[in-house]
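Please look over the model below before reading this note. The points are meant to be checked against it one by one.

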Amino acid sequence: MISTFLVLLLVLLGISIPVGAALGLLGLVLDGAYSMLPLSRAIGEVAWATSIEFLLVAIPLFVMLGEILLRSGLAERMYNAMTLWLSWLPGGLMHANIGASALFAATSGSSVATAATVGTVAIPQIKKQGYNESLFLGSLAAGGTLGILIPPSINLIIYGVLTNTSVPRLYLAGIIPGLLMALLFMSAIIVTCMIKPAWGGRKTKAAWSQRIASLLDLLPPLFIFLLVVGSIYAGIATPTEAAALGVTGALILAAFARRLTITMLKEVFEGTMKSTAMIMLIVIGAAFLNFIMSGTGLTSAITNLITGLDVSPLTMILIIVVFYLILGCFMETLSMMITTIPIVAPIMFALGFDPVWSGIIIIILVEAALITPPVGLNLFVVQSLRKSGNMNDVMKGSLPFVIMMLLMVAVLVAVPGLALWLPQYFG
């Protein structure tokens with residue numbers, strides 16, 4: 001049954017069936033082949049129960065928040081400010097890519113939105129400033145992955161829903177690893193550009209007066225972050241209510257910037273509806289598949305197979321790392337999370353790993369899947385922003401950052417307190 005499941009999943013994804021539909025279709029096939037009862041008749045109830053989960057209401061709100069910041073021009077001004085502050089480092093604007101991505105991630109919660117927003121502003125600078133195109137594009141794709149680790153994160157909400165783990169604690173746990181990840185990315189750029197100085201492009205000079213003046217453009221994302229995350233930890237709002245507060249704050253900022261128009265709102269609503277529809281189709285399809293897997297005993301079979309290996313906790317972590325890296329080459333991140341977490345998370349918990357720490361490890365591995373070929377979503381997002389060029393450029397440029405993600409996993413395994421200190425301190 002396990003081999004049938006894996007082969008069918010790869011075949012359905014390989015023939016380019018939309019992920020949400022592929023998960024639902026796989027559930028129907030498994031039901032027909034292995035279930036004694038017609039479990040597929042519960043699809044309506046499963047879809048309804050999944051759709052009315054209160055925490056999931058935060059998803060369209062965070063998507064809308066990112067859309068407002070993008071359409072209002074606030075994201076572009078933020079990028080320009082980061083350019084003035086970080087472009088003196090070896091690698092120049094590539095550090096602005098990482099810094100702006102980290103800052104935008106702290107307001108958006110979406111990796112795709114982060115990569116698309118920063119990439120739209122940054123890509124025209126590649127040829128103007130003489131950067132190595134591959135590494136520059138890789139920094140954009142990698143920087144975008146910070147959107148699912150630094151709070152507020154849509155993926156951390158989904159992990160919390162699937163494992164019944166506190167989302168506020170997950171948000172606290174993601175802050176230090178997220179910032180360290182950004183520093184590791186910047187370190188990779190510095191080392192590469194010190195070895196190959198020509199790849200770092202022409203340096204952008206900025207007077208201190210310009211840098212200080214640009215701080216005003218960094219205030220809007222800081223305001224949104226404090227509004228969203230601050231309201232959660234002040235006990236004023238749930239994550240869903242905090243997302244609504246963030247949207248309200250973003251609309252107020254757009255109005256102050258004189259960019260709040262009917263046309264802008266129409267674009268925001270269209271972008272939000274498209275992204276939310278895609279996400280919810282995947283969530284419902286995966287929920288139905290998980291229901292069928294549990295009903296047919298497939299989940300138990302996979303869990304027993306893995307736990308029956310009788311290996312140490314550290315070896316199991318290595319197995320899980322390899323598992324996610326391989327799976328990330330074939331599956332989109334959201335569907336991979338929803339399909340695998342109900343299987344992987346109980347195994348990690350049974351081995352004594354903290355649920356919050358486990359969530360951060362899984363999210364980092366899912367981040368790596370965003371920039372590993374051939375299905376890395378951020379690779380496609382960055383490539384779609386270019387007017388010409390080969391996809392291989394983006395793939396090669398992302399490799400150093402995948403290595404940094406694996407290094408981050410190793411650091412968290414060695415020092416779990418990096419993820420657990422803030423939740424324990426404020427908990």
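1. How to read the numbers. This is a predicted model, in which local features need pLDDT of at least 70, side-chain atom pairs count only at pLDDT 80 or more, and totals for chains, interfaces and linings use all residues. Residues are numbered from 1 along each chain as its sequence is written, and side-chain values use heavy atoms, with hydrogens and water left out.

2. Salt bridge count. Side chains of opposite charge can pair when their charged atoms come close. A salt bridge here is a side-chain nitrogen of Lys or Arg within 4 Å of a carboxyl oxygen of Asp or Glu. Under this rule there are 5 salt bridges.

3. Asp-217 and Arg-77. These two residues form a salt bridge, with 3.2 Å between the closest N and O atoms. Helices are DSSP runs of H or I with at least four residues, numbered from the N terminus. Arg-77 is partly exposed, at a relative accessible area of 37%. For this label, buried means under 20% relative accessible area, exposed means over 50%, and partly exposed is in between (1.4 Å probe, protein chains only).

4. Glu-133 and Arg-386. A salt bridge joins these side chains at 3.1 Å, N to O. The pair links distant parts of the chain, 253 residues apart: Glu-133 is in helix α9 (residues 133–145), while Arg-386 is in the loop between α19 (377–384) and α20 (391–414). Glu-133 is partly exposed at 25% relative accessibility, whereas Arg-386 is buried at 10%.

5. What else does Arg-386 form a salt bridge with? The partner is Asp-393, and the closest N and O atoms are 3.1 Å apart. Lys-127, Glu-133, Arg-386 and Asp-393 are linked in a network of salt bridges. Arg-386 also lies 11 Å from Val-121, C-alpha to C-alpha, although the two are 265 residues apart in sequence.

6. A nonpolar patch. Leu-216, Leu-219, Leu-222 and Leu-226 make a nonpolar surface patch of about 400 Å². Patches consist of residues with over 30% relative accessible area and no salt bridge; like charges are joined within 9 Å, and nonpolar side chains (Val, Leu, Ile, Met, Phe, Trp, Tyr) within 5 Å. Accessible areas come from the Shrake-Rupley method with a 1.4 Å probe, and for residues only the protein chains shown count as cover. One of the four, Leu-222, sits in helix α12 and is partly exposed at 41% relative accessibility.

7. Helices α16 and α20. The axes of helix α16 (residues 313–327) and α20 come within 12 Å and cross at roughly 160°. That makes α16 roughly antiparallel to α20. Axes are lines fitted to C-alpha atoms, for helices over the stretch in contact, and angles between N-to-C directions run from 0 to 180 degrees. Angles under 35 degrees count as roughly parallel, over 145 as roughly antiparallel, 65 to 115 as roughly perpendicular, and the rest as oblique. The crossing of α16 and α20 is right-handed: the near helix is turned clockwise from the far one by less than a right angle.

8. Helices α11 and α21. Helix α11 (residues 167–195) packs against helix α21 (residues 417–426) at an angle of about 140°, with the axes 7 Å apart. The two are therefore oblique to each other, and α11 passes α21 in a right-handed crossing. Within α21 lies Ala-419, which is buried at 0% relative accessibility. The C-alpha atoms of Ala-419 and Ile-236 are separated by 24 Å, and these residues are 183 apart along the chain.

9. A cis peptide bond. The bond from Pro-151 to Pro-152 is cis, with omega near 0°. Pro-152 is in the loop between α9 and α10 (154–163).

10. Which residues other than glycine have a positive phi? Asn-164 is one of them, with phi near 60°. Asn-164 is in the loop between α10 and α11 and is exposed, with a relative accessible area of 73%. Arg-258 is not a glycine either and has a positive phi of about 60°. Arg-258 is in the loop between α13 (239–256) and α14 (262–296) and is exposed at 76% relative accessible area.
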